[in-house]
Amino acid sequence: MLTDLKKIRLEKGLTQQEVADKTNISISMLAMMENGYRRGSDEAKIKLANFYKESVESLFFANNYHFKCGNNDKISKINSNSDKERTEHNE
């Protein structure tokens, strides 16, 4: 699955090096952000959103892009347990 960040870069026909050069974000950081292994600083997110003329929310949070590396399972379990506790508490 492509992240929105990688997808938008590919749709614009840009290389990681071109984006890195134009945003002053290292190519290694950009690659890790595109692949969901690093979240990036707020400053990096703003730079990329401005560069792509998108909102930070749509690029980084709309599809839970910033969760990877096993965090999805952990978060799903936490959310599931929280929902279960709320349901039991309300009954």
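These legends walk through several close-up views of a predicted model.

Figure 1. Welcome to the overview. The chain contains six helices and zero strands, so reading from the N terminus gives the order α-α-α-α-α-α. There are 91 residues in the chain, and 25% of them count as buried.

Figure 2. The mean pLDDT of the chain is 77, and 66% of the residues reach 70 or more. Confidence is highest in helix H2, with a mean of 97. Helix H6, residues 71-90, has the lowest confidence, with a mean of 44. Over residues 69-91 the pLDDT is below 50. Beyond near neighbours in sequence, that stretch has five contacts in the model.

**Figure 3. Helices H2 and H3 cross each other.** Here we look at two helices, H2 with residues 16-23 and H3 with residues 27-34. Their axes come within 9 Å and cross at roughly 115°. The crossing of H2 past H3 is right-handed. Which residues in H2 and H3 meet? From H2 come Gln-16, Gln-17, Val-19 and Ala-20, and from H3 come Ile-27, Leu-30, Ala-31 and Glu-34. Sorted by type, the residues of this contact are five nonpolar, two polar and one charged.

**Figure 4. Thr-23 sits buried in helix H2.** Thr-23 belongs to helix H2. Is Thr-23 buried or exposed? Its relative accessible area is 6%, which is under the 20% cut-off, so Thr-23 counts as buried. A polar atom of the Thr-23 side chain lies 2.7 Å from the backbone oxygen of Val-19. Setting aside residues up to four places away in sequence, Thr-23 touches Lys-47, Leu-48 and Phe-51.

**Figure 5. Two loop residues have a positive phi.** This view pairs Asn-24 with Lys-53. Asn-24 is placed in the loop between H2 and H3. Lys-53 lies in the loop between helix H4 (42-52) and helix H5 (56-60). Asn-24 is not a glycine, yet its phi is positive, at about 60°. Lys-53 is not a glycine either, and its phi is positive at about 60°. Are these residues buried or exposed? The relative accessibility of Asn-24 is 68%, so Asn-24 counts as exposed. For Lys-53 the value is 73%, and Lys-53 counts as exposed.

**Figure 6. Arg-9 is a buried residue of helix H1.** Arg-9 is found in helix H1, residues 4-11. Although the side chain of an arginine is charged, Arg-9 has a relative accessibility of 7% and counts as buried. Where does the side chain of Arg-9 reach? It comes to 2.9 Å from the backbone oxygen of Leu-14. Leaving aside neighbours within four places in sequence, Arg-9 is in contact with Leu-14, Thr-15, Gln-16, Val-19, Glu-34 and Tyr-52.

Figure 7. Tyr-52 lies in helix H4. At 2% relative accessibility, Tyr-52 counts as buried. Tyr-52 and Arg-9 are 43 residues apart along the chain, and their C-alpha atoms are separated by 8.2 Å. Which residues does Tyr-52 touch, not counting residues up to four places away in sequence? They are Leu-5, Ile-8, Arg-9, Lys-12, Leu-14, Val-19 and Leu-59.

Figure 8. Ala-49 and Leu-59 are 10 residues apart along the chain, with their C-alpha atoms separated by 7.0 Å. Apart from neighbours within four places in sequence, Ala-49 is in contact with Glu-54, Ser-55, Val-56 and Leu-59.

Definitions and conventions
Residues numbered from 1 in each chain as written. Predicted model: local features only at pLDDT ≥ 70, side-chain atom pairs only at ≥ 80, totals over all residues. Heavy atoms only, no water. Axes fitted to C-alpha atoms, helices over the stretch in contact; angles between N-to-C directions. Helix = DSSP H or I, 4+ residues; strand = E, 2+ residues; numbered from the N terminus. Left-handed = near helix turned anticlockwise from the far one by under 90°. Contact = heavy atoms within 4.5 Å. pLDDT = per-residue confidence, 0-100. Buried < 20%, exposed > 50% of the residue type's maximum accessible area, 1.4 Å probe, protein only. Polar contact = N/O pair within 3.5 Å; in protein donor to acceptor, adjacent residues only side chain to side chain.
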